[in-house]
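Hello,

Here is the structure for you to look over. My notes on it follow below.

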Amino acid sequence: MLFLAAALHNYASGLQNLDLKQFAYSAMIPWDGWNTDWTIVTLSALLSIAFIPVAWIYLFASRVAFWLVTVFSVLELFNVPFMFWAVLTMEGSVSGRYLLTPALLAAALVCLWLPLSRTWLRQRGGVDAGHFD
């Protein structure tokens with residue numbers, strides 16, 4: 001759920017400030033075609049992509065989805081310096097709302113790698129999590 005909350009926050013904050021998001025995307029992916037439309041498409045695609053592995057984890061206890069969420073989260077956390085650079089360049093200061101997505105992703109990674117979560121995945125989700133208390 002934390003991973004989805006981070007994806008929703010990223011989507012909502014990106015829609016609130018499309019110029020900043022477009023600038024951040026152009027810093028990460030050099031392409032002459034970045035405009036508002038492509039920024040919205042990219043934000044929507046990233047939100048949609050976030051739902052797929054989370055559903056696989058909850059419904060099927062998929063280890064592949066577990067690794068996808070881990071890799072996407074780590075890559076997004078590596079993106080934090082680009083985000084700060086873009087915010088500082090465009091707005092001049094960093095507010096607390098820009099820290100929410102990385103904090104949610106870090107918390108999601110911690111929860112995903114807890115021993116209880118790993119045990120649940122190893123047993124393919126067949127045992128209730130309360131059984132391990």
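**Helix contacts**

Phe66, Val69, Thr70, Ser73, Val74, Glu76 and Leu77 of helix H4 are in contact with Pro102, Leu105, Ala106, Leu109 and Leu112 of helix H6 (contact means heavy atoms within 4.5 Å; helices are DSSP runs of H or I with at least four residues, numbered from the N terminus). By type, the residues of this contact are 9 nonpolar, 2 polar and 1 charged (Ala, Val, Leu, Ile, Met, Phe, Trp, Tyr, Cys and Pro count as nonpolar, Asp, Glu, Lys and Arg as charged, and the others, Gly among them, as polar). The axes of H4 and H6 come within 10 Å and cross at roughly 145 degrees (axes are lines fitted to C-alpha atoms, for helices over the stretch in contact, with angles from 0 to 180 degrees between N-to-C directions).

The model is predicted: local features need pLDDT of at least 70 and side-chain atom pairs pLDDT 80 or more, while totals for chains, interfaces and linings use all residues. Residues are numbered from 1 along each chain as its sequence is written, and side-chain values use heavy atoms, without hydrogens and water.

Threonine 101 also lies in H6. Threonine 101 is buried, at a relative accessible area of 10% (buried means under 20%, exposed over 50%, partly exposed in between, with a 1.4 Å probe and protein chains only). Beyond its neighbours within four places in sequence, threonine 101 touches Ala6, His9 and Asn10.

In H1, which covers residues 2-16, the buried residues include Ala6, His9 and Asn10. The buried residues of H1 pack against H2 (18-28), H3 (36-60), H4 (63-78) and H6 (97-112).

Regards

Definitions and conventions: Helices (H or I, at least four residues) and strands (E, at least two) are DSSP runs, numbered from the N terminus. The expected span of a helix is 1.5 Å times one less than its number of residues.
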